[in-house]
Structure formats: C-alpha cells, structure tokens
Amino acid sequence: MPELTGEVALITGASGGIGEAIARRLAAAGARLVLQGRRAERLAQLALEIHEHSSADYPAPLVLTGELTDPSTAAALVKQILQEYGRLDILVNNAGIHRDNLLLRMKPEEWQDVLEVNLHAVFRLTQAALWPMLRARHGRIVLVSSVVGLMGNAGQANYAASKAALIGLARSLAREVATRGITVNVVAPGFIQVGMTTELTAGQRQELIARVPMEREGSAEEVAEAVCFFCQPNSAYITGQVLAVDGGLSMGH
C-alpha cells in the first residue's frame, strides 16, 4: 500500500515546475491533494492529469487559487480543505517569487514583495494549518527554501533573506510541536532545471553548472522525492532538518 494513503496534502505554488513535480510524487504515494497556485488553468489541467493516472479511488485533486498575499487567504484555504476532506495532514509551502537586484539599487517594493510571498504568507498558512494537525496529533510540514538561503547570492539579498528565514522558522516551530506528532523540515533546492532558472542565458547556465560538484542541473523530480521523504511515516523521527538537493553546491556552508 502507498505510504501516504488517505492523507490530505496541501501544496502551494503547484502550478510551477517544482510544485507540479511534488504534487505528482505525493499523489503517487497515495495522498489526496489540494493544489494552490496562481495559474488556475494549469492547476485544473494538472488535477485532471493526476486524477486520470491515479489508481486510487479518490476524487480529482481540489484546486484553490486564493492569493497568498491576502492575509485572509490562509484561514479560508484551510477552512475549505476541512469542509471537503475533514482533515489536513501535509502542508508543503512551495510558493515563491524573486525580484532580483543589487541591494544598493533594490526598491522597497522589490524587498517587500519577495518577503510577503516567500515568508509572511508561509507564516500565515502554517499557522492556520497547525490547528487541525494539533487536534489530530499528526502532521508533516515541509518548507521549500533554497541553496541561496544557505550560501547567499549577489543580486538576491531579498530572496536569500526570505529563504534563510524559512530555516529559522522551521527549526523554531519544530521545537514547539515535536511532542504533538508534527514534524517540520526544509528542502533547499539548488540549480534546478525549471522555474526561475529558465530565465538564465546559456552563458549564465554554464557558469552555474561549473560551480556544482556533480556538474549538472537537478530535476524537479529529485526535489519532489526529498519532499515526499519528509512526509512519509518512516520519517516521523526526523524534524528541524534541512535537506539540500543541490548536487553538492552548498557543501561547507
């Protein structure tokens, strides 16, 4: 029997490359899915594809498109999930944006926009999701950070700050809920062949690959495998950890 049979998983940013891979992997593990993202059409298509390929007797994944920067969205999302499924077992905070610029040139809105999506929205949604998990004395929370949060990167002070903050958030929360059957962990992707990295030029891409000990890009599926690992029953004794999926890029940091 799949490891996550019957569990309900909310994945934010599910219309992006990594979010989509996470959704497919958790579905394969037996989870019932709730997909959140900005691209409603893509989410609907993804939900249909997952449903068509699923061997489980579940309805199609629930698609929710609330804007995470709206402070009222988090509670509304969790309320809808509880009305639909009566439980919430897994939260994957994957949604994220970047507004790159050198710090001296960074506009206040470039700083604020990134922190709002990458950190503040994560706080609100995690807080809302904790209530049903605490009642059930069971839950898995996974925050998708970045190798940039471990190493820093020129031109990404806002993004790096938001992703580093997720690690502090996860480790603090892990201590708060450790006795309640809830684990909180972080996956930190490196140079992954989807999403934000598609905007790079060929030269920038080769320069980045040269810094990776494995000398290749990672895949969204490799990130999804790490997320699924933290969600499984056999990972119940693992909390407050950061797993870098980066080909060795962050070694020594």
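A: Start with contact, which means heavy atoms within 4.5 Å. Helices (H or I, at least four residues) and strands (E, at least two) are DSSP runs, numbered from the N terminus. This is a predicted model, where local features need pLDDT of at least 70, side-chain atom pairs count only at pLDDT 80 or more, and totals for chains, interfaces and linings use all residues. Residues are numbered from 1 along each chain as its sequence is written, and side-chain values use heavy atoms, with hydrogens and water left out.

Q: Which residues of α3 and α4 meet?
A: From α3 come A74, A75, L77, V78 and L82. From α4 come R124, L125, A128, A129, P132 and R135. Ala, Val, Leu, Ile, Met, Phe, Trp, Tyr, Cys and Pro count as nonpolar, Asp, Glu, Lys and Arg as charged, and the others, Gly among them, as polar. By that sorting, the α3 contact with α4 holds nine nonpolar, no polar and two charged residues.

Q: What describes two packed helices?
A: The angle between their axes and the distance between the axes. Axes are lines fitted to C-alpha atoms, for helices over the stretch in contact, and angles run from 0 to 180 degrees between N-to-C directions. Here α3 and α4 pack at about 35°, with axes 8 Å apart. Handedness is the next item: a crossing is left-handed if the near helix is turned anticlockwise from the far one by less than a right angle, and right-handed if clockwise. α3 passes α4 in a right-handed crossing.

Q: At what angle do α1 and α8 pack?
A: About 50°. Their axes lie 8 Å apart, with α1 at residues 17–28 and α8 at residues 220–231. Angles under 35 degrees count as roughly parallel, over 145 as roughly antiparallel, 65 to 115 as roughly perpendicular and the rest as oblique. So α1 and α8 are oblique to each other. The crossing of α1 past α8 is right-handed. On the α1 side the contact uses G17, I18, A21, I22, R25 and L26. Among the α8 partners are V223, A224, V227 and C228. By class, this α1 contact with α8 has ten nonpolar, one polar and three charged residues.

Q: How is α1 placed against α2?
A: α1 packs on α2 (residues 40–53) at about 25°, with axes 11 Å apart. That makes the two helices, α1 and α2, roughly parallel. Their crossing is right-handed. E20, A23, R24 and A27 of α1 meet R42, L46, E49 and I50 of α2. The contact of α1 with α2 divides into four nonpolar, no polar and four charged residues.

Q: Where do nonpolar side chains tend to go?
A: In soluble globular proteins, they tend to be buried together. A nonpolar core is a set of buried Ala, Val, Leu, Ile, Met, Phe, Trp, Tyr and Cys residues joined through side-chain atoms within 4.5 Å. Buried means under 20% relative accessible area, exposed over 50%, partly exposed in between (1.4 Å probe, protein chains only). The largest nonpolar core here has 34 residues, and V34, I81, L88 and I141 touch the most other members. Elements that each supply at least two residues of this core include β1 (8–11), α3 (73–85) and α4 (108–136). The largest share, nine residues, comes from α4.

Q: What does I141 touch?
A: Its contacts include L91, L130, M133, L173 and V184, not counting residues up to four places away in sequence. A second, separate core of 33 residues includes L4, A14, V227 and V245.

Q: Is N118 buried or exposed?
A: N118 is buried, with a relative accessible area of 0%. N118 sits in helix α4. Residues it touches include A95, I97, Y159 and L166, not counting residues up to four places away in sequence. By contrast, R175 in helix α6 counts as exposed at 75% relative accessibility.
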